[in-house]
Amino acid sequence: KQQRRRRLTIRLFDSTCQRCGLHAPEHPEWLEVHHIISRARGGSNDSTNLTLLCIECHDRVHKKKKPRCLSFWKEIVWFALSGGQVSVVGTPAGVY
């Protein structure tokens with residue numbers, strides 16, 4: 001199931017990191033599935049709670065660090081847990 005979910009998420013996001021914009025269709029090993037709301041906080045494995053990040057961005061998200069190359073930022077809407085519901089909190093520049 002985990003590998004199937006990974007393949008579907010990579011296809012859904014067109015092999016593109018949703019944080020820095022890295023497009024890596026020939027290197028899927030550089031991409032990782034990330035839970036928007038962590039499993040520990042009650043998040044599901046449903047595709048609506050998953051996003052795709054490159055290895056570097058995934059590491060930096062968990063360490064709560066800004067991406068290294070802000071020039072790659074796109075107008076991506078990020079979500080945060082608010083009152084038990086997922087709500088839009090702004091574009092990446094507004095999150096950090």
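**Terms before the core.** I take a nonpolar core to be a set of buried Ala, Val, Leu, Ile, Met, Phe, Trp, Tyr and Cys residues joined through side-chain atoms within 4.5 Å. Buried means under 20% relative accessible area, exposed means over 50%, and partly exposed lies in between, with a 1.4 Å probe and protein chains only.

**Ground rules.** I am reading a predicted model, in which local features need pLDDT of at least 70, side-chain atom pairs count only at pLDDT 80 or more, and totals for chains, interfaces and linings use all residues. Residues are numbered from 1 along each chain as its sequence is written, and side-chain values use heavy atoms, with hydrogens and water left out.

**Entry 1, confidence.** I checked pLDDT, the predictor's confidence in each residue from 0 to 100. The protein chain has a mean pLDDT of 75, and 67% of its residues reach 70 or more. Confidence is highest in strand E1, at 94, and lowest in strand E3 (residues 78-82), at a mean of 39. Over residues 69-96 pLDDT stays under 50, and the model has 45 contacts beyond four places in sequence for that stretch; contact here means heavy atoms within 4.5 Å. Where pLDDT is low, the predicted coordinates should not be read in detail.

I listed the secondary structure next, taking helices (H or I, at least four residues) and strands (E, at least two) as DSSP runs numbered from the N terminus. The protein chain has three helices and four strands, in the order α-β-β-α-β-β-α from the N terminus on. Of its 96 residues, 31% count as buried. Among contacts between residues at least 6 apart in sequence, 44% join residues at least 24 apart. The chain exposes about 6600 Å², and carbon and sulfur atoms supply 52% of that; the areas come from the Shrake-Rupley method with a 1.4 Å probe, and for residues only the protein chains shown count as cover.

Which residues make up the largest nonpolar core? I found 11 of them: Ile10, Phe13, Cys17, Cys20, Ala24, Leu31, Leu52, Leu53, Cys54, Cys57 and Val61. E2 and helix H2 (55-62) each supply at least two residues of this core, and E2 gives the most, with three. I also followed Phe13, which touches Gln18, Leu50, Thr51 and Leu52, leaving out residues up to four places away in sequence.

Is E2 covered on one face or on both? In a regular strand the side chains alternate between the two faces of the sheet. I found both faces of E2 covered, with Leu50, Leu52 and Cys54 buried on one side and Thr51 and Leu53 buried on the other. Five bridges join E2 to strand E1 (residues 31-35), and the two run antiparallel; strands pair if DSSP finds at least two bridges between them. Glu32 stands opposite Leu53 in this arrangement.

I stayed in E1 for Val33, which is partly exposed because its relative accessible area is 21%. The C-alpha atoms of Val33 and Leu52 are separated by 4.8 Å, although the two are 19 residues apart along the chain. Val33 touches Arg6, Thr9, Leu50, Thr51, Leu52 and His58, again not counting residues up to four places away in sequence.

How many disulfides does a search of the whole structure find? I got zero, taking a disulfide as a pair of cysteine sulfur atoms within 2.5 Å. Cys54 is in no disulfide either, and its nearest cysteine sulfur, that of Cys57, is 3.6 Å away. Cys17 is buried at a relative accessible area of 1%, and Cys54 is buried at 6%.

I noted two residues in the loop between H1 and E1, Asp14 and Ser15. Phi is positive in Asp14, near 50°, and positive in Ser15, near 55°; neither residue is glycine. Ser15 counts as buried because its relative accessible area is 11%. Last, I looked at Leu8 in helix H1 (residues 2-12). Leu8 has 37% relative accessibility, so it counts as partly exposed. Its C-alpha atom and that of Ser47, 39 residues apart along the chain, are separated by 8.6 Å.
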